[in-house]
Amino acid sequence: VAISAVCGSAAHAAGDLLVAPTRVILDGKRGTQVILNNVGAEEMTYRISLEIKRMGPDGRLEDIDPASTTDAEKSALSLVRYAPRRVTLPPNQPQSIRIGLNPADSLPDGEYRVHMLFRAIPKTQGVGEETNANDLKIQLIPLYGITIPIIVRKGNLTATAALANARLGRDEDGPVLEIDATRKGNRSVYGEFRITKAGQSQPVIVQKGIAIYPEVEKRKVELALSDAEAATIRGSEVVIAYHESPENGGGLIAELRTVVR
């Protein structure tokens, strides 16, 4: 029986840490790996951990208190194993994190998800003998972290999606195209949105990396636009297509033809 590990091809960076891929799907007992790379100028130490996040109706991922996790979420935490859990990388030095699965024979069919967090550990500064004990110095050090989903699928899982009610809105960063997306089935959907004006072949907007996870049946998708893009589609008939990522076949998940107001 062939068992595959499906990984997104993109890399994600935060601070001086580069992580690839940014999404991992495990379909069986075979594991995979994630590559870390310190792209900064100094040696850095990173801690790797697993956590549970849930998607809300606005599409945001919310941190969950371990005491509030469901049985399925607890199973996901116990299902995924990885090593090492702490790495120190010189500049431009890659390191692989091996990801494997514990036996899942007793688990019901379904999709199980954890989020793997990569966080830099700040260097501590020693206190020299010349420092006055009465001096108080406060240094704020930003802690950079990257989180990627690790998804385990067991059984024959399916999902469908639909799009509705596209409209122009605005958030604190500028115009957005808001779309109501619904999902049915027992697994997540993930891909990219392509907005094309009716009668044209090339999309005017492409935004990648948009998921609807199984814990939500409906979420609001917000696609950030420039002022020029918003002006281009305002009042126009457009085709809004939600496709799987090219590395996953690029198949059409859902489509909506509408006039954007």
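The largest nonpolar core holds 33 residues, and those with the most contacts inside it are Leu163, Leu177, Ile179, Phe193, Ile240 and Tyr242. A nonpolar core here is a set of buried Ala, Val, Leu, Ile, Met, Phe, Trp, Tyr and Cys residues joined through side-chain atoms within 4.5 Å, and buried means under 20% relative accessible area with a 1.4 Å probe, protein chains only. At least two residues of this core come from each of strand 14 (159–171), strand 15 (174–185), strand 16, strand 17 (205–212), strand 18 (218–224), helix 2 (227–233), strand 19 and strand 20 (252–259). Strand 14 gives the largest share, five residues. Apart from this core lies another, of 32 residues, with Val19, Met44, Tyr82 and Val87 among them.

A word on ground rules: this is a predicted model, with local features needing pLDDT of at least 70 and side-chain atom pairs pLDDT 80 or more, while totals for chains, interfaces and linings use all residues. Residues are numbered from 1 along each chain as its sequence is written, and side-chain values use heavy atoms, leaving out hydrogens and water. Helices (H or I, at least four residues) and strands (E, at least two) are DSSP runs numbered from the N terminus; the chain has two helices and 20 strands.

Now for the rings. Phe, Tyr and Trp rings (the six-membered one for Trp) pair if their centres lie within 6.5 Å, with planes under 30 degrees apart counting as stacked, over 60 as edge-to-face and the rest as tilted. That rule finds one aromatic pair. The centres of phenylalanine 193 and tyrosine 242 are 4.5 Å apart and the planes sit at 15 degrees, so the pair is stacked. The two partners are 49 residues apart, phenylalanine 193 in strand 16 (residues 189–197) and tyrosine 242 in strand 19 (residues 237–244). Both phenylalanine 193 and tyrosine 242 are buried.

Finally, find strand 13 (residues 145–154), where seven of the 10 residues are buried. Strands pair if DSSP finds at least two bridges between them. Strand 13 runs antiparallel to strand 12 (residues 110–121), joined by 10 bridges, with glutamate 111 opposite arginine 153. Strand 4 (residues 24–26) pairs with strand 13 in the parallel sense over three bridges, and there isoleucine 25 has isoleucine 151 as its bridge partner.

How values were computed. Buried means under 20% relative accessible area, exposed over 50%, partly exposed in between (1.4 Å probe, protein chains only).
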